[in-house]
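Hi there,

Below it you'll find what turned up when I went through it.

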Amino acid sequence: MTRTVYVNGDFLPEHEAKVSIFDRAFLMADGVYEVTSVLGGKLIDFDGHAKRLQRSLDELEMRNPVTVEELLQIHRDLVEKNGIVDGLVYLQITRGAPDDRDFVFPDPETTTPTIVLFTQNKPGLAESPAAKKGIKVISIEDARWGRRDIKTVQLLYPSMGKMMAKKAGADDAWMVEDGFVTEGTSNNAYFIKGNKIVTRALSNDILHGITRAAVLRFAREAQMEVEERNFTIEEAQGADEAFVTSASTFVMPVVEIDGVALGDGTPGQRALRLRDIYLDESRKAAI
Ligand code: PMP
């Protein structure tokens, strides 16, 4: 089935959608993005994604070409036009396409942002087989830039990290800077020891995960202790459980870190419970 996508005000068949070769995202990765999951035809955590999008744009002094209400309507229209029950909506806004390549930002009065949205159909997204088995991660150096709190489309290093994991026979990588875990290539990282969840505190070093915020809130409500602080790979290897969170994988148990199995090497009970709570609560609040 040909997807209907959204580009700069138009809904078009995917093969008719075009962006300029001078687009700043194509030439300089000068763009930001969001990924919102869809469960049962409804959007999960839309408000959180819309707020973080605005923050990313503000940090880069980029204009938002749409209002939150318009953005919600475009998301809903795309979900409907593409018959998405379970899946994802990808959104990207770039600084637009000036007449020529130049490092200097173009005048926002004459160069308007580019906005693109498309859906990804993922039937049974929440019933992922990986969540039943858990994933294996390796550790790699965090070689990204210093503003990881801005959700830019500079995804080359995370993409290389996934390839390093694949070559090592693992599923994903946790990145390490100055001896401490920052986050996963496309998710936030946690371990559980006893009744306590440990995850790195928010700063410019990591993306402020929308799923992270919700999961930590639910964990506290479930009387779990939450400690936001730096931790090492060794500490996580000695934990009872570990997991990662993201909008597309929700809460995903981690069963092995650099070849060391956690507990008995199967998904931990607390991580699985957090996954259930997150999915239940998110479905209830979906719009
Ligand atoms: N960290 C990184 C580096 C990511 O790419 C993502 C997912 N985009 C996350 C964390 C998780 O964020 P969210 O829960 O908002 O999807």
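Arg275 lies in helix 8, which spans residues 269-285. Keep in mind as you read that this is a predicted model. Is Arg275 buried or exposed? Arg275 counts as buried, because its relative accessibility is 5% and the cut-off for buried is under 20%. If you want a distance to check in your viewer, take Arg275 and Val176: they are 99 residues apart in sequence, and their C-alpha atoms are 25 Å apart in space.

Asp276 is found in helix 8 too. With a relative accessibility of 48%, Asp276 counts as partly exposed, whereas Arg275 is buried.

The space it takes up is the largest pocket. Which elements give two or more residues to the shell around the ligand? They are strand 9 (180-184), helix 6 (210-221) and strand 13 (241-246). By residue type, the shell divides into four nonpolar, nine polar and four charged residues. There are 17 residues around the ligand, and those that come nearest are Arg52, Lys151, Glu183, Ile210 and Thr211.

- Arg52: a polar atom of its side chain is 2.8 Å from an oxygen atom of the ligand.
- Lys151: a polar atom of its side chain is 2.3 Å from a nitrogen atom of the ligand.
- Ala247: here a polar backbone atom lies 2.8 Å from a ligand oxygen.

On its own the ligand would expose 390 Å², and the protein buries 92% of that area.

Two side-chain pairs also deserve a look. Glu34 lies in strand 3 (residues 31-39). At 2% relative accessibility, Glu34 counts as buried, and its side chain is joined to that of His49 by a polar contact of 2.8 Å. The other pair involves Thr94, which lies in strand 5 (residues 87-94). Thr94 is buried as well, with a relative accessible area of 3%. Its side chain makes a polar contact of 2.9 Å with the side chain of Asp23.

Last, some backbone angles. Most residues other than glycine have a negative phi. Asp45 counts as partly exposed, at 28% relative accessibility. Asp258 is not a glycine either, and its phi is positive at about 50 degrees. The loop that holds Asp258 runs between strand 14 (250-257) and strand 15 (260-261). Asp258 is partly exposed, with a relative accessible area of 33%.

That's everything from my side for now. Happy browsing, and do write back with any questions!

Best wishes

Definitions and conventions: Residues numbered from 1 in each chain as written. Predicted model: local features only at pLDDT ≥ 70, side-chain atom pairs only at ≥ 80, totals over all residues. Heavy atoms only, no water. Near = heavy atom within 4 Å. Polar contact = N/O pair within 3.5 Å; in protein donor to acceptor, adjacent residues only side chain to side chain. Areas by Shrake-Rupley, 256 points an atom, 1.4 Å probe, with all protein chains shown as cover. 1 Å grid on protein atoms, 1.4 Å probe; cavity = no way out; pocket = protein on both sides within 12 Å on 5 of 7 lines; lining within 4 Å. Sits in = over half its atoms within 2 Å of the grid points. Helix = DSSP H or I, 4+ residues; strand = E, 2+ residues; numbered from the N terminus. Nonpolar A, V, L, I, M, F, W, Y, C, P; charged D, E, K, R; others polar. Buried < 20%, exposed > 50% of the residue type's maximum accessible area, 1.4 Å probe, protein only.
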